[in-house]
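Colleague: I would like to learn how to read a protein model, one feature at a time. Please give the general idea and then the case at hand.

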Amino acid sequence: QVQLVESGGGLVQAGGSLRLSCAAASNIIFNIMAMGWYRQAPGKQRELVATITSGGSTNYADSVKGRFTISRDNAKNTVYLQMNSLKPEDTAVYYCSAGPFTSVMTYWGKGTLVTVSS
């Protein structure tokens, strides 16, 4: 079982920034895993935010393009999500994920809450 632990969530005003981190347990070969961030707002389905391949290629939901940046540090087994220009509609629980491909996410963290006030 792979453990993914998210951190960095919290309350921020609209227009502000947050950086989420996801640390993966050392018992995985992190540098060959695809990683992703997903979010689930109250009453809505979980949706893709951003993914990054083992080679560093990134993909973003249209709603966050130009505002969010996903990155990874293989030496630290950690993936990040830098969120700028936050909007109230970004309020959600953000989940970290890992898998063999960006389209196949096998492991999930427990989530971290991001609340953006207007």
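Predicted model: local features only at pLDDT ≥ 70, side-chain atom pairs only at ≥ 80, totals over all residues.

Colleague: How many helices and strands does the protein have?

Modeller: Helices (H or I, at least four residues) and strands (E, at least two) are DSSP runs, numbered from the N terminus. Here there are 0 helices and 11 strands. Read along the sequence, the pattern is β-β-β-β-β-β-β-β-β-β-β.

Colleague: What radius of gyration does the protein have, and what would a compact globule have?

Modeller: The radius of gyration is taken over C-alpha atoms, and the globule rule is 2.2 Å times the number of residues to the power 0.38. For 118 residues the rule gives a radius near 13 Å, and the protein agrees because its own radius is 13 Å. Its C-alpha atoms fill a box of roughly 40 × 25 × 25 Å along the principal axes.

Colleague: What share of the residues counts as buried?

Modeller: Buried means under 20% relative accessible area, exposed means over 50%, and partly exposed is in between (1.4 Å probe, protein chains only). Of the 118 residues, 45% count as buried. As for the surface, areas come from the Shrake-Rupley method with a 1.4 Å probe, and for residues only the protein chains shown count as cover. The accessible surface comes to about 6,200 Å², and 49% of that belongs to carbon and sulfur atoms.

Colleague: Which residues have the most contacts inside the largest nonpolar core?

Modeller: A nonpolar core is a set of buried Ala, Val, Leu, Ile, Met, Phe, Trp, Tyr and Cys residues joined through side-chain atoms within 4.5 Å. The largest one has 31 residues, and those with the most contacts inside it are Met 35, Trp 37, Val 79, Leu 81, Met 83 and Tyr 94. Among the elements that give two or more residues to this core are strand S4 (34-40), strand S8 (78-83) and strand S9 (92-99).

Colleague: What does Thr 51 touch, leaving out residues up to four places away in sequence?

Modeller: Contact means heavy atoms within 4.5 Å. Thr 51 lies in strand S5, and it counts as buried because its relative accessibility is 6%. Its contacts beyond four places in sequence include Met 35, Tyr 38, Ile 70, Thr 102 and Met 105. For the whole protein, residues 24 or more positions apart account for 56% of the contacts with a separation of 6 or more.

Colleague: Where is Ala 25 found, and what does it touch?

Modeller: Ala 25 is in the loop between S3 and S4. Ala 25 is buried, since its relative accessible area is 19%. Not counting residues up to four places away, it touches Gln 3 and Asn 77. Sequence distance and space distance should be read separately: Ala 25 and Trp 37 are 12 residues apart in sequence and 17 Å apart, C-alpha to C-alpha. Asn 77 and Ala 23 are 54 residues apart in sequence and 5.9 Å apart by the C-alpha atoms.

Colleague: What is the phi of Asn 77?

Modeller: Most residues other than glycine have a negative phi. Phi of Asn 77 is near 50 degrees, a positive value. This residue lies in the loop between S7 and S8, and it is buried, with a relative accessible area of 17%. Ser 85 also has a phi near 50 degrees. Ser 85 sits in the loop between S8 and S9 and is partly exposed at 41%.

Colleague: Is Glu 89 buried or exposed?

Modeller: Glu 89 counts as exposed because its relative accessibility is 55%. Its place is in the loop between S8 and S9.

Colleague: How many positive and negative side chains are there?

Modeller: Lys and Arg count as positive and Asp and Glu as negative, with His and the chain ends not counted. The place of a charge is taken as NZ of Lys, CZ of Arg, CG of Asp or CD of Glu. There are 10 positive and 6 negative side chains, and the centres of the two sets lie 3 Å apart.

Technical notes
Residues numbered from 1 in each chain as written. Heavy atoms only, no water.
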